[in-house]
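Subject: Structure handover

Hi,

Here is the structure I said I would pass on.

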Amino acid sequence: MSTPETVVAPLTTKDAEALVQAARTAAEAAGVAAAISVLDAGGHLLAFRRDDRAVLIAGETSTRKAFTALQLDAPTAGLVDAVQPGGAFHTLPTALDRPLLFIAGGVPVHRDGRLIGALGVGGGAPEQDHEIATTAVATLG
């Protein structure tokens, strides 16, 4: 006899916009000109915002951080050491033809214990980007 699966609501556009706003508020409070990317569970961009003052590459890094957090279901801040020489994922950044980026600032988004997307922040120091991302995800509830 199989047990019924619990249906978990996907990450919606409304959720994504709320995450962008929460990250924007956290970035402004930290004095960071940031780019913010929100991906759904399939890795598709749901929402994006780049502060006018953010460096242009921040848009790319925020999206790659979100993608990495989504694919590995882990904050990118915790993966930095794993890709260093001798680390468990040392060859992963070059082994795949995927836009992975192992710099702090990407955080998976869960609902009821299930992975539903990811948020990436770029533009500040890695520690700042991670703090902004985790602060925003915590507001989703």
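Two bits of housekeeping come before that. This is a predicted model, so to speak of a local feature I needed pLDDT of at least 70, and side-chain atom pairs count only at pLDDT 80 or more, while totals for chains, interfaces and linings use all residues. Residues are numbered from 1 along each chain as its sequence is written, and side-chain values use heavy atoms, with hydrogens and water left out.

**The cores**

By nonpolar core I mean a set of buried Ala, Val, Leu, Ile, Met, Phe, Trp, Tyr and Cys residues joined through side-chain atoms within 4.5 Å. Buried stands for under 20% relative accessible area, exposed for over 50%, and partly exposed for in between (1.4 Å probe, protein chains only). The largest such core has 23 residues, and the members that touch the most others are Leu11, Leu19, Val38, Val109, Leu119, Ile132 and Val137. At least two residues each come from α1 (13–30), β1 (35–40), β3 (106–111), β4 (114–122) and α4 (126–140). α1 gives the most, with seven residues. The helices (H or I, at least four residues) and strands (E, at least two) are DSSP runs, numbered from the N terminus.

Not counting residues up to four places away in sequence, Leu19 touches Leu11, Val38, Val109, Ala136, Val137 and Leu140; contact here means heavy atoms within 4.5 Å. There is also a second, separate core of 12 residues, with Phe67, Ala69, Leu70 and Leu92 among them. As general background, nonpolar side chains tend to be buried together in soluble globular proteins.

**The α1 and α4 pair**

How do these two helices pack? α1 and α4 meet at an angle of about 135°, and their axes are 8 Å apart. That angle makes α1 oblique to α4. For reference, angles under 35 degrees count as roughly parallel, over 145 as roughly antiparallel, 65 to 115 as roughly perpendicular and the rest as oblique. Axes are lines fitted to C-alpha atoms, for helices over the stretch in contact, with angles running from 0 to 180 degrees between N-to-C directions.

On the α1 side, the contact is made by Asp15, Leu19, Ala22, Ala23, Ala26, Ala27 and Ala30, and on the α4 side by Gln128, Ile132, Thr135, Ala136, Val137, Thr139 and Leu140. Sorted by class, that contact has 10 nonpolar, three polar and one charged residues. The classes are Ala, Val, Leu, Ile, Met, Phe, Trp, Tyr, Cys and Pro as nonpolar, Asp, Glu, Lys and Arg as charged, and the others, Gly among them, as polar.

Ala118 sits in strand β4 and is buried, with a relative accessible area of 0%. Leaving aside neighbours within four places in sequence, Ala118 is in contact with Ser37, Val38, Leu39, Ala66, Ala69, Leu70, Val107, Pro108 and Val109.

Ser62, in helix α2, is buried at 0% relative accessible area. Beyond neighbours within four places in sequence, its contacts are Ala35, Ile36, Ser37, Phe48, Gly120, Val121 and Gly122.

Gly105 lies in the loop between α3 and β3 and is buried, again with a value of 0%. Among the residues Gly105 touches are Lys65, Thr76, Leu119, Pro126 and His130.

**Loops and backbone**

Which residues have a positive phi without being glycine? Asp73 is one, with phi near 50°, and Asp112 also has phi near 50°. Most residues other than glycine have a negative phi. Asp73 is in the loop between α2 (57–72) and α3 (92–95) and is partly exposed, at 38% relative accessible area. Asp112 is in the loop between β3 and β4 and counts as exposed, at 65%.

Lastly, Gly123 is in the loop between β4 and α4 and is partly exposed, at 39%. Gly123 touches Val32, Ala33, Ala34, Ala58 and Asp129, not counting residues up to four places away in sequence.

Cheers
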